[in-house]
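Please look through the sequence and the structure below.

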Amino acid sequence: MTPMCRVLVVFLVLATATASAQQSDVDFNRDIRPILSDACFTCHGPDAGQRQADLRLDLQEGLFRSLDGTTIIEPGDPDGSELLSRITSHNEDIVMPPPDGGRRVTAAEIERIREWIAAGAKWKGHWAYVPPVRPAVPPATDAASGNEIDRFIQRQLSQKNVTALPAADPVTLARRLAFDLTGLPPSRAQVQQLVANNTAEGRARLVDELLNSDAYAERMTAFWLDQVRYADTNGIHGDNHREVWMYRDWVINAFRSNMPFDQFTTEQLAGDLLPAPTDSQRIASGYNRLLMTTREGGAQAKEYLAKYSADRVRNASTVWLGATMGCCECHDHKFDPYSIKDFYQFAAFFADIQDVAVGTQPSVEMPSSQQKQRRAELNAALASHQKLLNTQTPELDQALETWAKNQQALFAELDAQWQAVRVVDMKSQNGQTLSLGDDGQISTSGPHPKFDTYRIVLAPALERLTAVRLQALTDAAFTRKSLSRPPGNGNFVLSKIRLTLLRSDGTQQPLAVSKAVASFEQKDWQVAKVLNDDQTNGWAVDGHVAAKSPEAIFQLAAAVPLADGDRVMVDLEHNAVEYHNIGRFILSVSAQENADFLKNMVSVPANLHDAVRQWPEVAADLKSKVAAHFRSTTPLLADARTQLAATNKSLEELKKQIPQTLVTRTVKPRTIKVLARGDWMDDSGEVVEPAVPHFLPQVNSADRLSRLQLARWFVDHDNPLVARVFVNRLWKLMFGKGIVKSADDFGSQGSWPTHPELLDWLAVEFRDSGWDVQHVIRLIAASDAYARTSSVTPELLERDPFNDLLARQSRYRLDAEFIRDNALAVSGLLVDKVGGRSVKPYQPAGYWAHLNFPKRAWAPEKGEDQYRRGVYTYWCRTFLHPAMRSFDAPSREECTVDRPRSNNSLQALVLLNDPSFVEAARVLAERTIQEGGDSSPQRLDWLFRTCLSRAPRAAELDVMVHVVAEQKAAFQKSPTDAEALLKIGQRPPTASVDKVELAAWTAVCRVILNLHEVVTRS
């Protein structure tokens, strides 16, 4: 054989081997399913309502179906496969996809399908729906000297003939670890620690230090809150405030204690269903209440219950399954096996949650252990004081007899002072029926209008008139057995009283009232207000709180002589509050001149008057009631009443301090039906019970499934999705994107894993470790892949522009919260207080001007709360803090797995002008002046090491020295500008620091805080 022939044979052998390798390299899930999903599943996929020709190409039996001599896929025979024939046809009547669909299969895709068929058309179920099995770890090589993660990555790098980049320098790596694991910059000590010991052991020590910090828990909490759409407002209509921050604290504590993810999952979905749930587990169940709700009065309750139900399906399926089940609310999923019935069966798991369809969602008190103890102590003291006040002693019996005689004497005096009066006419302006009793009582009945005026005409048998008395009476038939009829709340508001003298000759004379007194007045609703013309206020008596029979006396400015036939007309107006009309009352009159009506007003409740008048000849039950009233007023028990009031006040103050939060409370499960096209008004659908998606491993139970069983199914060994989904998101935290780029979609339209075996290995490792989140993070952080530099070479950028092979690390801007956290941290302003209510950092004035129902204003925090981490920033969905929005923080109306990262000029304006950043720059400038040395180069070196963990380069130093000089000159010329700059923020400047010097260095620090390197990870 000639040398040329040998070369030709070798070439042919190599070519054949290469072709064979290419054919065997075709993977159905990676290469073929995405083409079919994108081009074919819309018409030939899971959605039965849109399926054409009764053909399913998402299932093996449909894809390899043979009917009437036509085979869709004939393994090994591309030309005999109808699928290939249709997608390559030039006949517009038969080509697939149809020309009007807008999707064409490309030549490269056609060739890939041809290769797959020729290689035997091996079919696989969708990779994400097959439970992960731990794959064998590739053997170690010189190029993969790290842990198991590196061996999987190196295998692909070797196959692609790509060389990974070297490790980043220890300073960069320290900053990367700190930002990834805590969202904060590393301390100088941490950087120096890694520089001094840049080994696997040194790195592990730093990782442990970061994972054991509160900052780690806060960073992970921010990551989780995006997914569960946590916010401090309800999102719809008025976007009103709600108390739910205790759930955020629970998440912080869970990550701080490294709670196993299976427990983390169970307590959120079903903490309330666990045996004897703790307060912590009940707080965790607040996850189910984080959805958007409405208080809008015109909203349809049935519609919003359907919305809440669908929201929970969307969120739970995305968070734990990486599934787009929301697509099934109206029809079967077009790309994945989820059906519309699956959607509503999944919704049925949450049908037992007590929701207020329209209105305020009820919170529950969650006192701390200390608060519980204090409340028990106060309640015990309250019971002791009350027992003393409830006990009738011989000493009190004797005092009661004396008191009763005094009250009888006062009644005699009042009987002479007040006269029952004959009612000659009465009328309700707005249609109530007024009835007169034998004892002079006037009662209302019939329709109850929102507002009303009673006109009562009296015939006094007096020679003169000096005062009119109004006694409001309780009634067992009224709301709370109080003073007004339903739908009122039991209280009344008398907005105006008018007295008019009707002379017998037909003339009328308005009677001026100079003074009004009452036996009881509600705070801010005094009886004197009935004497003015403000119809929005008046006399009220807390009738909605406690039933009592108050009275009011209206004294005329001057005595009015009365003649035979004269009448007094009394108008009682109720125009201040809807349905707050007096329900039953008595009017009486007096002729006493210069009487001290307030002094002589009987304090005995009206229902006890007869008993006191007849004392001691009264029934036993009335005696007990009179004695109880006496004990509530006698000086002998004044100390006990004072102590009781003080204890009650302490209890009220404690109650104000006890936090409230939304938790899950169960009710009888609502009926859940399949809503055709998602129409909440269509009741014709099938009634469904809770069930997991039909194509995934099932839960066997003879009883109705619960949220607790759903939670346990999520973390069951056979669930194919949850472990993969979560470790993929942890990977995204550490590399900028997941092994599956579409971290919220593990379905057919999602991305193929760049390293499927690595993903499965991590998922199994996570599950088998006891769902140990920190274990997975340590594995990733310990890998060589994580430690690589992000300074990409042109050659590598061309070979792997999206870093799918992980030959380098990623470089990207920090998330919104951490940009401000970083500025506060380097300035020294950051307060490391953990947990508690949400706080409000500086925000532009008037930003909330368009918030209504009610109108409200943003009040920036005072003191340390102003400088807390971004995870605690008040999250208003409709008007998110503008700096957060500028840096792409989500509104959290829906689950957010992947925040966008934009780059725009508005972000630079925030960094330069937001008061938080300006104040941070000023405080950082003070530190620079006081700690950085005497010269500009020394101070700049300190500043760079503080903000960037490195020394400035020569070129940077030259530029910044010039900036310092330039700013000093500018502020020396305009000291008023310096003063204006230094006034920004609450922290006062240090008096001993020269203002011009401080202003100049503040400007320098603003430049530094605006650097790309400061706001960028790695």
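A disulfide is a pair of cysteine sulfur atoms within 2.5 Å. By this rule the structure has 0 disulfides. Cysteine 895 is in no disulfide, and the nearest cysteine sulfur, that of cysteine 327, lies 14 Å away. The sulfur of cysteine 947 is 6.5 Å from the closest cysteine sulfur, in cysteine 1005, which is too far for a bond. Buried means under 20% relative accessible area, exposed over 50%, and partly exposed in between (1.4 Å probe, protein chains only). Cysteine 895 counts as buried because its relative accessibility is 18%, and cysteine 947 counts as buried at 1%.

This is a predicted model, in which local features need pLDDT of at least 70, side-chain atom pairs count only at pLDDT 80 or more, and totals for chains, interfaces and linings use all residues. Residues are numbered from 1 along each chain as its sequence is written, and side-chain values use heavy atoms, with hydrogens and water left out.

A nonpolar core is a set of buried Ala, Val, Leu, Ile, Met, Phe, Trp, Tyr and Cys residues joined through side-chain atoms within 4.5 Å. The largest one has 177 residues, and Trp224 and Tyr247 are among those that touch the most other members. Apart from it lies another core, of 38 residues, including Leu465 and Val560.

Helices are DSSP runs (H or I, at least four residues), numbered from the N terminus. In H8, Phe179, Asp180, Leu181 and Thr182 meet Ala215, Tyr216 and Arg219 of H11, where contact means heavy atoms within 4.5 Å.

Conventions. Helix = DSSP H or I, 4+ residues; strand = E, 2+ residues; numbered from the N terminus.
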